Amino acid sequence: MSSKKFITLGAFVSVAAAQSAVWGQCGGIGWTGATTCVAGTTCTYFNDYYSQCIPSTTSAPTSPTTTATTTSSAPIATSTVGLHTLAKSKGKLYFGSATDNPELSDTAYVSILSDNTIFGQITPGNSMKWDATEPSRGTFTFTNGDVIANLAAKNGQLLRGHNCVWHNQLPSWVSSGNFDAPTLTSIVQTHCSTVVGHYKGQVYSWDVVNEPFNDDGTYRTDVFYNTLGTAYIATALQAARAADPDAKLYINDYNIEGPGAKSTAMQTLIKSLKDQGVPIDGVGIQAHLIVGALPGNIQQNIEAFAALGVEVAITELDIRMTLPVTDALLAQQKKDYQTVISACQNVAACVGITIWDYTDKYSWVPSTFSGQGAACPWDANLLKKPAYDGIVAGFGA
Ligand code: G3I
């Protein structure tokens, strides 16, 4: 049974002090801090739970939450068990979250992220990607990735590496370099071996290849596929294995949560790699899902991957909704989180679950899907939503 928090927005407007800094929060249900912004920035509404001070030149302001005077309520979670502790007690390796460097100056956020009873694993959301690690050919930067790796080590958390080869966040020197096949092969080898090698011994598993497929199961026609065909996949995996023989090597994709053409294509690829003796240890099922619209047979799909002799992880779970948030949507979201977690829980080869950041405050969803959000188990005020109880229930607790 969920308890309720009741907040009158008009009330906290009157107690707000000072002004929020650029990029700071300036409104939202439950927000008790400043509701005006420093000069040159505008308090910009993103959703009922979050408004932010955006530089006035960045985008046109919309209605700030500070003008709201209505009373709002939202159910919150009642479970107190730590999700990682629970996952471990149920035979899983970890429950984890993605994070990103800009968020690490938020002490309240870091305090929850660093609680290893809740999160036993973290994934850098951006800082190990190609644009972050090799922005120009042969020049490697690991500063931000190291911050996340060191945080995981300090907290006693497993680290997932994300990622070596992906069509997105790929510097133009790679995507528009017009390299011939031998040169691009060498570039992939150098990138994967240098990045994976840098984190040797620190990473539980690497998303070596990210999102190689289109939704219809054909290969994505990015610079790697167009120049090298599917060979780039084996090249990347082999380089990663040589660089860190103890890291589990994954291929990671979205829309492979349920049976279908894309999941079948991934299974065919895994079989083919295994037949060729190419190192492949796991399949990452991203699981960027929609409330009330989960694919059927998630468990059966995980079992199909497991039957190929690889482990499986849910690597980027979030379940978004069309805003505004309602109690009914939160209740459905709770059920949907439970469904995904129980599908993993019921298959031994499914080793762990990572949510794609734990709070709506830092979710990628609203900036990508206009009018959608509230996808995470914690709200933008770092309060646990009913989804948290759904996760607990999914583990069978
Ligand atoms: O680094 C620049 C910064 O210099 C600039 O000032 C700022 C202005 O917008 O943009 C910054 O880049 C942003 C980057 O995140 C780092 O913060 C990009 O605009 C933004 O598009 C990018 O979004 C990331 C997205 O991948 C890119 O595709 C999200 O944070 C990240 O959560 C998301 O993660 C992906 C997984 O890697 C793969 N699966 C899907 C998942 C969600 O899209």
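## Basis of the values

The model is predicted, so local features need pLDDT of at least 70 and side-chain atom pairs count only at pLDDT 80 or more, while totals for chains, interfaces and linings use all residues. Residues are numbered from 1 along each chain as its sequence is written, and side-chain values use heavy atoms, with hydrogens and water left out.

## Overall make-up

The protein chain has 14 helices and 15 strands. These elements are DSSP runs numbered from the N terminus, helices being H or I with at least four residues and strands E with at least two.

Of the 397 residues in the chain, 55% count as buried. Buried means under 20% relative accessible area, exposed means over 50%, and partly exposed lies in between, for a 1.4 Å probe and protein chains only. Among contacts (heavy atoms within 4.5 Å) between residues at least 6 apart in sequence, 73% join residues at least 24 apart.

## Packing of H12 and H14

Two packed helices are described by the angle between their axes and the distance between the axes. Helix H12 (residues 327-345) packs against helix H14 (residues 386-394) at an angle of about 25°, and the axes are 7 Å apart. That angle makes H12 roughly parallel to H14. Axes are lines fitted to C-alpha atoms, for helices over the stretch in contact, and angles run from 0 to 180 degrees between N-to-C directions. Angles under 35 degrees count as roughly parallel, over 145 as roughly antiparallel, 65 to 115 as roughly perpendicular, and the rest as oblique.

The crossing of H12 and H14 is right-handed, meaning that the near helix is turned clockwise from the far one by less than a right angle. On the H12 side the contact is made by Leu330, Gln333, Lys334, Tyr337, Gln338, Ile341, Ser342 and Gln345. H14 contributes Pro386, Ala387, Asp389, Gly390, Ile391, Ala393 and Gly394. By class, the residues of this contact are 7 nonpolar, 6 polar and 2 charged. Here Ala, Val, Leu, Ile, Met, Phe, Trp, Tyr, Cys and Pro count as nonpolar, Asp, Glu, Lys and Arg as charged, and the others, Gly among them, as polar.

## Salt bridges

The whole structure contains 7 salt bridges, each defined as a side-chain nitrogen of Lys or Arg within 4 Å of a carboxyl oxygen of Asp or Glu. One of them joins Lys361 to Asp106, with the closest N and O atoms 2.9 Å apart. Lys361 lies in the loop between strand S14 (350-355) and helix H13 (365-368), and Asp106 in the loop between strand S6 (94-99) and helix H3 (107-113), so this pair ties together parts that are 255 residues apart in sequence. Lys361 and Asp106 are both buried.

Another salt bridge is formed by Lys262 and Asp215, at 2.8 Å from N to O. Lys262 is in helix H10 (residues 261-276) and Asp215 in the loop between strand S9 (205-210) and helix H8 (223-228), so the pair ties together parts that are 47 residues apart in sequence. Lys262 also forms a salt bridge with Asp253, the closest N and O atoms being 3.3 Å apart. Within it, Lys262 is buried at 3% relative accessibility, Asp253 is buried, and Asp215 is partly exposed at 46%.

## Surroundings of Thr235

Thr235 lies in helix H9 (residues 231-243) and is buried, with a relative accessible area of 13%. Apart from neighbours within four places in sequence, Thr235 is in contact with Thr185, Val188 and Gln189. Thr235 and Thr185 are 50 residues apart in sequence, and their C-alpha atoms are 7.1 Å apart in space.

## Backbone features

Most residues other than glycine have a negative phi, and most peptide bonds are trans. The peptide bond from His162 to Asn163 is cis, with omega near -5°, and Asn163 is in strand S8 (residues 158-165). The bond from Leu323 to Pro324 is also cis, with omega near 10°. Pro324 sits in the loop between strand S13 (311-322) and H12.

Asn178 has a positive phi of about 50°. This residue is in the loop between helix H6 (172-175) and helix H7 (181-198) and is exposed, with a relative accessible area of 75%. Asn255 has a positive phi near 55°. Its place is in the loop between strand S10 (248-253) and H10, and Asn255 is partly exposed at 38% relative accessibility.
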